[in-house]
Structure formats: C-alpha cells, structure tokens
Amino acid sequence: MTAVSAGRRRPVRPARVVLHLFLGTVAVGWLFPILWAVLTSFRSYEYTAANGYVSLGGWTIDNYVTAWRTAEFGKHFLNSAYITVPAVLLTLFLASCVAFVIARFSWKLNIALLGLFTAANLLPQQALLIPLFRMFTEIPLPAWMSDSELLYDSYWGLILVNVAFQCGFCVFVLSNYMKALPHELYEAAMVDGASVWRQYWQVTLPLCRPALAALATLEVTWIYNEFFWATVLMRTGDKFPVTSSLNNLRGEFFTDNNLVSAGSVLVAIPTLVIFFLLQKQFVRGLTLGASKG
Amino acid sequence: MSDLPLIQADRAVPPPAATTTNGGRGRRLRLLSRTDRVVVTLMVLVPLLLVTGLVWLPAVATVLLSGTNWDGIGPISEIEWVGAKNYDDVVNIYPPFVPAVQNNLLWLAALFVVATPIGMFLAVLLDKELRGSRFYQTALYLPVVLSLALIGFIWQLIYSRDQGLLNGVFGGETDWYGDPNVNIWAVLVAAGWRHVGYIMLLYLAGLKGVDPSLREAAAVDGSSETSTFFRVVFPVMRPINIIVLVVTVIESLRAFDLVWVINKGRNGLELISALVTQNVVGEASRIGFGSALATIMLAVSLVFITIYLWTVMREDKR
C-alpha cells in the first residue's frame, strides 16, 4: 500500500492533510492507554504518590522486579504454555481431520457436521458452565495426570475444553480452504495406491500450510488470552495460567497502580510479540475469507 | 475467549492451485478399503465426540436442568421437576436480573451504535491508498490482541479514583470502576476501544473484496464518494454486514471477562453471564436457577448463530 503511493509524486492536497491529521490523532489516541501503562510501569510509586501521575520522573524498573516476584509470573507463564501449546496442536490436528473428510468426500451429512462444529464455537461459554462444571468434578484422573485426581482443577481438563471450543472455527476455515484444492491431486494419489491417511497427511496437509500458520497464530493468542474456563475450572492458585491469574493479582496489587501496570505489560508481552512478528498471519487469520484472493 | 472472527466461504489466503471441477468427489466412498473406512470414521468421530461431549451435551443438560430444583449436591435421583418455576423466579424475585438484562442491552447498543460505525468509518478512510496506512491500522487493532481481562487492568490506570489519570487531570473524585452510576459506561469505553479495531479490521478486508469497477462506474455516473459508499459499496458488503451484526450481538451476550476482573459483575456491572457464574461457583450453588439464566442466554445466542450459519453457508454454496 505504502509502496504504491510512495512511488508517485502527487501535489499535496489539503483534504489529504486533514485526513492524515485525523487518522494520526485517532491512532495516537488508540495507543494511548497502552503507552500510559508502559510509562507508569517504569515509575516508582513513591514518586508518583508525591507528585501525582501527571508528572515526569521517578524512573525505575523495580516495579517489574517486584511484580514478577510477588505474582510469580514465571510459574504462571509456564502454566500458560502447558495449556496453550498442546491445545493449539490438538485443535489444528483434530480440526484438519474433520475438515479433510468434509472437503474430500461429499456426504449428505457434511453441512450438518460443519454446522455442528461452527455453531459450537459461537455458543456463550457461561451457558454451558453448570453441567460442564459438574461433569469435570465427577470425572476421575489418575494421580500422575493431575494432583486433583479429577478433570476439574487439571491442565488436561482445560486443554480439552479449549480444544472443543476452538475446533469449530478451524474446521470451518480449513474445510473451505481444502475444498479449493484441485481434486485431481487425490485421483493421482489413488492411482499411486495412497491410503486415505496418506492423502490427508502427505497431500492435503502440506498444501494447507498457509492456512494452518494463520490459524496457529490466532489460536495461540486466543487460548493464551482465555480467561473464563481457567477461572472457573481451576482451583489451585499455583496452577492458573497467566491471564486468569490476573484475578488474584488484583488483590495483591490493589493499592499500587505502578505495580498493576508493570504486571499488565508483562502479561501483554507474549501477545504483542506474536502480533508484531506475525502480524500478517494474525490479520489473515482473523479475516480469513473476508476478501477474494 | 471473546473473538468471533469473520468466517466466510471465500478465502483471504489464496489456495495454492486453481480450483477445478469437483465432480469426482465422493463417488468413490464405496471403493474405500476397510482400513480407509475405519480411518475416515475415526477422523470424524474423535473430534465429534469431543465437541458433542463438551459443548452440545452440556447445552442440552443446561436446558433440562433449568426445569428442576437441583441444588447441585444431592444425587441425581432426587431431582424434582418444577416446570417454569425457575424462570418465574428469575424474572420476579431476583433483583440483579433486570439490571443485567439492561446492561447486556446497553452493551449491545454501545457496540452496535457507536463502536461498529466508528470501526466502519475508519476502515473506509484507511481503504484509500494512504501513506502510513500500515501504522494507523496497527495502532487501531493493537487492542484486539489483548485479552479483555487485561484491558480491564490497563484501563484501571486511567479510571482509578486515587491514582487514575482521569481524576489526575480533571481533579474529580469519581471512582469510575466503583460508582454504580458510571461504571458501566467506563467499562463500555474500554470494551468499545477493542471492538472498534476489530470491526475496522473486518470491514477493511471486506472493502478490499469489493469489485473496483463498481465504484468506477458510480464515479462515472457522477455519484459522490459518500453516496457511492451508501448506495453501492455498503449493499454489496451485505454478507459482511450480517456477520458483523451477529458478531456484535454474540460478543455483547458473551461479555464477561472485563466485568469479572473488575468486581465479579456486581454493583452496577451485572451481566447475565456473570450472574450464571455467580450462581455456580459462588457460595450459593443454585443449579436449577442458574440454568434458567443460562438457557435464556442459549436461546438468544442460538437465534443469531442460526442467522450466522445461514449467511456463511449460503455464501459457501455460491
């Protein structure tokens, strides 16, 4: 976009200047809450308490040190990884299986199957909480899988719930993507005697890499950001992933906004890094399907 | 989880090869070997069981439980059927219900009437080939990657009574998150902050898909930019408009994280989703009653999910 307009020299039009001024102001305004959090996180509480927040000075990185230690961020980041990594891999694997079958074979049930998966992604989670909560407290797990010995308060439970909820979206996107692959590929593979599994694993999946990359980026962000299930299906404070541990953090940091801001910045860092590194994938994933070609 | 992405039949990622006729698909199912048939069955069955077991069965169970007086502790055999009593109680003797419905509707109105048009307007501006458009876009959708729980924290730095920026600059004494007269508005600003970027992104992608010759034709006919948008471009984006509408409704219904991190959905921040949760994980475990609330949510969401599926599936067939 920028490259196109940069190449041509056009006379500066007042309308454009107004447009840039307007968009610039909006953009800075939009970034402001985040910038404010970053700014506050680098200032000492004593300084801002004495001089107010509308001031400059009192620079320090102590807030980060304190926040990291009191809120035990190291542990919670690790918990987030335990949940996010398997959940994303499993979601992509299961969703691509279903999508493959939907795209490869035409059954009368295909539309129903697609609807069943897609709709599951859109239901309000809170509406399913009551039976699910009860179910999780009834299903036993061996002690080596979870010290709670139940699906409730275990990483396994959270992974499964996230997978079940995220599958629908991925099935939808992937099945559309796979439907666009030329069918001759499979015919050629069948001539070679390739089994259905090999067609899926060696023909279809490699061709779906762009879609899988976009979905993986998106799903990592979403599952990392997931708040509700971890809040209600976990009990042990030590096992909470980062996003839900925010809830406990509120009590500890309540009186010190500088600590709150340092904590917020720490929690935001993984998603911001993903966003800046994989911005294209992220946007592509969100708008997958919004435009042709 | 709070994102409902735009999903539609056409692809933003171009498929690696040209589409061909799909006439051959499916006819050969009967020719599959026994192993292949087992594999195909497993590929569908395992994910299906997971989604049915963890999403659809609980949904059905919620509806069933809403007609009972179960307290969640006693054995299933002691459950008594009470008919519509729970619904009657929800509406008539549960004080937070009316504020919660009002807040959910307010949430919907704020996102739909304020945030969505702003997002659309910004998308239209950014759709012009502007220098620095990337920067503007990035700034606007940066909040979309943050969780709503985290957004609650970030805005606390602005809203807090003693240490917040708002009172620091204007010298007020308002506790923006705590005062039940204003807190829902404060929260809506934060929710809208995120929603605008999200809608902007969806419309921006939608606008790129609009055939440029339509606009050129309108321009040749002497139509102004504004009237071209409303008479030509906007109607062409109809599927996206419907999807944005549904996304906004469902987001408003699922709103939860933001109010839960602030005060667990009390004191001016009641939402139906928070009430359901309070009735289950709180001290008072009122299963039948909470299920009635949850069923109301389910019913509303299913109406819009149907519209959504109908729209995307129809696009699919084209």
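Hi everyone, let me start in chain B, with residues 287-310: this stretch is 100% helix and 0% strand, and its end C-alpha atoms sit 33 Å apart. Please keep in mind that what we have here is a predicted model.

Where does that stretch come from? An unreviewed UniProt entry lists residues 287-310 of chain B under "transmembrane region", along with 38-59, 105-126, 138-158 and 184-205. Take residues 138-158 of chain B as well: the span is 71% helix and 0% strand, with 22 Å between the end C-alpha atoms.

Residues 17-39 of chain A are 100% helix and 0% strand, and their end C-alpha atoms lie 30 Å apart. For residues 154-174 of chain A, the end C-alpha atoms lie 30 Å apart too, and the span is 95% helix and 0% strand.

Now, how do the two chains meet? The contact draws on 103 residues from chain A and 104 residues from chain B. On the side of chain A that touches chain B, we find 70 nonpolar, 25 polar and eight charged residues.

Last stop, helix α15 of chain A, residues 279-286. Which of its residues are buried? They are A:F282, A:V283, A:R284, A:G285 and A:L286. And what do the buried residues of α15(A) pack against? Within chain A, the partners are α11 (209-225) and α14 (257-277), and from chain B comes α7 (183-208). Thanks, everyone!

Technical notes. Residues numbered from 1 in each chain as written. Chains lettered and ligands numbered in written order. Predicted model: local features only at pLDDT ≥ 70, side-chain atom pairs only at ≥ 80, totals over all residues. Buried ≥ 20, exposed ≤ 12 C-beta atoms within 10 Å, placed from the backbone. Helix = DSSP H or I, 4+ residues; strand = E, 2+ residues; numbered from the N terminus. Contact = placed C-beta atoms within 7 Å. UniProt positions renumbered as here; feature names shortened; annotations may be inferred. Nonpolar A, V, L, I, M, F, W, Y, C, P; charged D, E, K, R; others polar.
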